[in-house]
Amino acid sequence: MSSPEASLQLMLRTLKLPSFASNHEEIGAQAERHGWTFGQALRPLCELEPHDRRERRIGRLMKASGLPSDKTLATLDETKLPQKVRRQPPALCEGGIAERGENVLLFGLPGRGKSHVASAIGRELVLRGRSVLFTATRTIVEKLLVARRELELDRMLRRLDGFDVVVLDDIGYVQQDRDEMEVFFTLFAQRYERSVVITSNLVFSQWDRIFKDPMTTAAAIDRLVHHATILELTGPSHRSEEAKKRSPKRTREEDDAT
């Protein structure tokens, strides 16, 4: 026969109380030492369980998100962002965009920090318990095309709809053919009133390169801007500046020789 302790562990795990199971002996010992009442001993266990459950959930959400581990709010150099943009990320990270189904659209030339800002927002939303998917636009379009060929498009769109926020990175680099454009627009239509975060090196007037058809382009833009915060990232390329810092300084002789 199993011991009372083993039976208790089994019951706690059956009840899906792993934090109770892991900590009840230690807290029970503290209760004996300090003369706690049953209620005093029970309270820290009751506090641990939801806290640990939330931490486990956030861990699962973070793993499923595909977010880059190095592009966080902590590693974002806000001094390199335009003054108007600098004030926006903290408010966007609070979670209201997911609740209200709002979009965030980041525009700028390559190397201006669009992906970093988008990733940082996504990570903060996950830490607040929101489900987020971060994906390169080309990757998600390819997956949608495969799903359509296999007659699984509706199922995939429903799965994507399960995310509170979908981050589509670098949509300006996708030069869709007709089939790609159609599944991409279908995704936009499905996400209407559900949050998307988009980074693009193309301003709206250049989106006909993506959707080809003027009416489809206008419809896509209309859906996105209905409830949206638009951030324009200007200034020099962050990557170029970092490359200059890493390169050795030229000597006077080298300068004179050029």
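A salt bridge here is a side-chain nitrogen of Lys or Arg within 4 Å of a carboxyl oxygen of Asp or Glu. The views below come from a predicted model, in which local features need pLDDT of at least 70, side-chain atom pairs count only at pLDDT 80 or more, and totals for chains, interfaces and linings use all residues. Residues are numbered from 1 along each chain as its sequence is written, and side-chain values use heavy atoms, with hydrogens and water left out.

**View 1. A salt bridge joins R148 and D179.** The N and O atoms of the two side chains are 3.1 Å apart. R148 belongs to helix α8 (residues 137-149) and D179 to helix α10 (residues 178-190), so this pair ties together parts that are 31 residues apart in sequence. Helices (H or I, at least four residues) and strands (E, at least two) are DSSP runs, numbered from the N terminus. R148 is partly exposed at 28% relative accessibility, and D179 is also partly exposed, at 39%. For these labels, buried means under 20% relative accessible area, exposed over 50%, and partly exposed in between (1.4 Å probe, protein chains only).

View 2. E182 is partly exposed, with 31% relative accessibility. Through shared partners, salt bridges join R148, R178, D179 and E182 into one network.

**View 3. R130 pairs with E99.** The closest N and O atoms of this salt bridge are 3.0 Å apart. R130 sits in the loop between α7 (114-127) and β2 (132-136), while E99 is in helix α6 (residues 96-100), so the pair ties together parts that are 31 residues apart in sequence. R130 is partly exposed, with a relative accessible area of 21%, whereas E99 is exposed at 59%. Across the whole structure, a search finds eleven salt bridges.

**View 4. Helix α2 packs against helix α3.** Helix α2 (residues 18-34) and helix α3 (residues 38-65) pack at about 150 degrees, with their axes 9 Å apart. Axes are lines fitted to C-alpha atoms, for helices over the stretch in contact, and angles run from 0 to 180 degrees between N-to-C directions. The two helices are therefore roughly antiparallel, a label for angles over 145 degrees. Residues in the contact (heavy atoms within 4.5 Å) include F20, I27 and A31 of α2 and L45, L48 and R56 of α3.

How values were computed
Angles under 35 degrees count as roughly parallel, over 145 as roughly antiparallel, 65 to 115 as roughly perpendicular and the rest as oblique.
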